[in-house]
Amino acid sequence: MEPEPPAASGPAEPGPRVRGGGGAALAASASPRSRAGAGPERCAPAAAAVLPAGGSGERMGVPTPKQFCPILERPLISYTLQAMERVCWIKDIVVAVTRENMEAMKAIIQRYQHRRISLVEAGVTRHRSIFNGLKALAEDQPHSKLSKPEVVIIHDAVRPFVEEDVLLKVATAAKEHGAAGAIRPLVSTVISPSADGCLDHSLERARHRASEMPQAFLYDVIYAAYQQCSDYDLEFGTECLQLALKYCHVKAKLVEGSPDLWKVTYKRDLYAAESIIKERISQQICIVMDSEEDEEHVGRRLEETLKNELNHVKVTSGPLRHAGRHLHQIIAAQCYSFVCVHVMTSEFEETQKLLNLLKESNFSILYPVVVISVHFLDYKSVPFDRKMENLMQIRELAKEAKKRNILLCGLLIHYPQDEQKLQDSLRQGAAIIATFIKERNSALIGQLLIA
């Protein structure tokens, strides 16, 4: 068994470390959704998780195994590890990975600061990989550094959207019944063909369910099942619940799962997963002002326009001089999109301050952070070429920011101008901001857009 590689000091929970007031280190949640709380921990069993990650991804049709395929430049398996890590009552996470991908997996753990991860070598089949993961948690294994859990959760490395409530339901049911698994209604009718390729019979869809992940077991039950498992089942089987029934006579409790338990299987699923992640990290925009002004400040008007145009997105604002003190609060609120407003200046001083704060926080390690530098400028007050010379600095700023997974672009809005034209410009600017935040298109990095 390979323990996680040594990493720089960081929070117990995965994710970036933010320096708040007084130098206190505050751990940011690794998920755009709510992190695990004390409530579930009180009623959850002592648990570990095993993730088989030795597949070759033949159905994906790409040379890279699907668990290592990038989504927003980050491997898919990292998102799944993040989903498991944020659940505080899962004490150990064992990942079974092939020998040739062992170093790549260690690099992922190191780069994205994953915690509580141990690696074992995968077997040639799914069941053999799971068995290897279970052995790493066994008391009878020499040199094991892990504790045997009461309950073990088995989950696919390519199901990144599992939520804590489902994990808690299957773990709690497994503690009571010995085994439990998530299920979903069948989408298509299942048919059985005859030997000559004709229909033999079909199953009544309403009476059957699709078996999904996660599944959970009393550790002693599933470990005993695998120890008795035939070579045929280890080679060709795919259903862990069936092994518990066949070898230990334990009937699994079936738990209704959520729609987001689907498995990334085909190439198109990568695009769907990326779309879901982008949607989740685009639910809040933080507007940073270059000064604290009254309600008539043009930055406030941009804020109101964004709120009106994007009524499904939470928009907050504040002056930059307070951002350092409250950045940990912004991060805790899972804001990955920033708009830095400059009025009557083509300089990037305030944007640079924001970029420095974000870089120091290491906030962008898990998700790309968008920063849009908005400049309200009077084209006539200063020669346009001088303004453009200043504004073109954004290319160099963006190049440096991209190294830290921060996506920077600029937006220029003519100001002052008559009321109707200003309102039209604000709406157009809001549309540009919304598009960049939603798409996080790298082609726009370092570009100066005009509303």
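**Figure 1. Crossing of helices α10 and α15 in the predicted model.** The crossing of α10 and α15 is right-handed. Helix α10 spans residues 298-309 and helix α15 residues 419-439; their axes lie 9 Å apart and the packing angle is about 60°. This angle makes α10 oblique to α15. From α10, the contact uses Arg301, Leu302, Thr305, Leu306 and Glu309. From α15, Glu419, Leu422, Gln423, Leu426, Arg427, Ala430 and Ile433 take part. By residue class, the contact of α10 with α15 consists of six nonpolar, two polar and four charged residues.

**Figure 2. Crossing of helices α4 and α6.** Helix α4 (residues 126-135) and helix α6 (residues 219-228) cross at roughly 130°, and their axes come within 10 Å. The two helices, α4 and α6, are therefore oblique to each other. Their crossing, α4 with α6, is left-handed. On the α4 side the contact is formed by His127, Ile130, Phe131, Leu134 and Lys135. On the α6 side it is formed by Tyr219, Ile222, Tyr223, Tyr226 and Gln227. Seven of the residues in the contact of α4 with α6 are nonpolar, two are polar and one is charged.

Figure 3. Ile154 belongs to strand β9, which covers residues 151-154. Its relative accessible area is 0%, so Ile154 is buried. Not counting residues up to four places away in sequence, Ile154 touches Val50, Ile130, Met213, Pro214, Gln215, Phe217, Ile222 and Cys240. Phe217 is 63 residues from Ile154 in sequence, while the C-alpha atoms of the two residues are 8.3 Å apart.

**Figure 4. The cis peptide bond between Met213 and Pro214.** Met213 and Pro214 are joined by a cis peptide bond with omega of about 10°. Pro214 is part of strand β13, residues 209-218.

**Figure 5. Trp262 in the loop between β14 and α9.** The loop that holds Trp262 runs between β14 (253-256) and α9 (267-280). Trp262 has a relative accessibility of 24% and so counts as partly exposed. Leaving aside neighbours within four places in sequence, the residues in contact with Trp262 are Val158, Arg159, Phe161, Asp269, Ala272, Ala273 and Ile276. Val158 and Trp262 are separated by 104 residues in sequence and by 8.8 Å in space, C-alpha to C-alpha.

Figure 6. Gln113 is not a glycine, yet its phi is positive, about 55°. The residue sits in the loop between α3 (102-111) and β8 (117-121). Gln113 is buried because its relative accessible area, 17%, is under the 20% limit. His249, also a residue other than glycine, has a positive phi near 55°. It lies in the loop between α8 (240-248) and β14. With a relative accessibility of 67%, over the 50% limit, His249 counts as exposed.

**Figure 7. The whole chain, for orientation.** The chain contains 15 helices and 20 strands. It has 451 residues, of which 53% count as buried. Of the contacts between residues at least 6 apart in sequence, 77% join residues at least 24 apart.

How values were computed. Residues are numbered from 1 along each chain as its sequence is written. This is a predicted model: local features need pLDDT of at least 70, side-chain atom pairs count only at pLDDT 80 or more; totals for chains, interfaces and linings use all residues. Side-chain values use heavy atoms; hydrogens and water are left out. Axes are lines fitted to C-alpha atoms, for helices over the stretch in contact, and angles run from 0 to 180 degrees between N-to-C directions. Helices (H or I, at least four residues) and strands (E, at least two) are DSSP runs, numbered from the N terminus. Angles under 35 degrees count as roughly parallel, over 145 as roughly antiparallel, 65 to 115 as roughly perpendicular and the rest as oblique. A crossing is left-handed if the near helix is turned anticlockwise from the far one by less than a right angle, and right-handed if clockwise. Contact means heavy atoms within 4.5 Å. Ala, Val, Leu, Ile, Met, Phe, Trp, Tyr, Cys and Pro count as nonpolar, Asp, Glu, Lys and Arg as charged, and the others, Gly among them, as polar. Buried means under 20% relative accessible area, exposed over 50%, partly exposed in between (1.4 Å probe, protein chains only).
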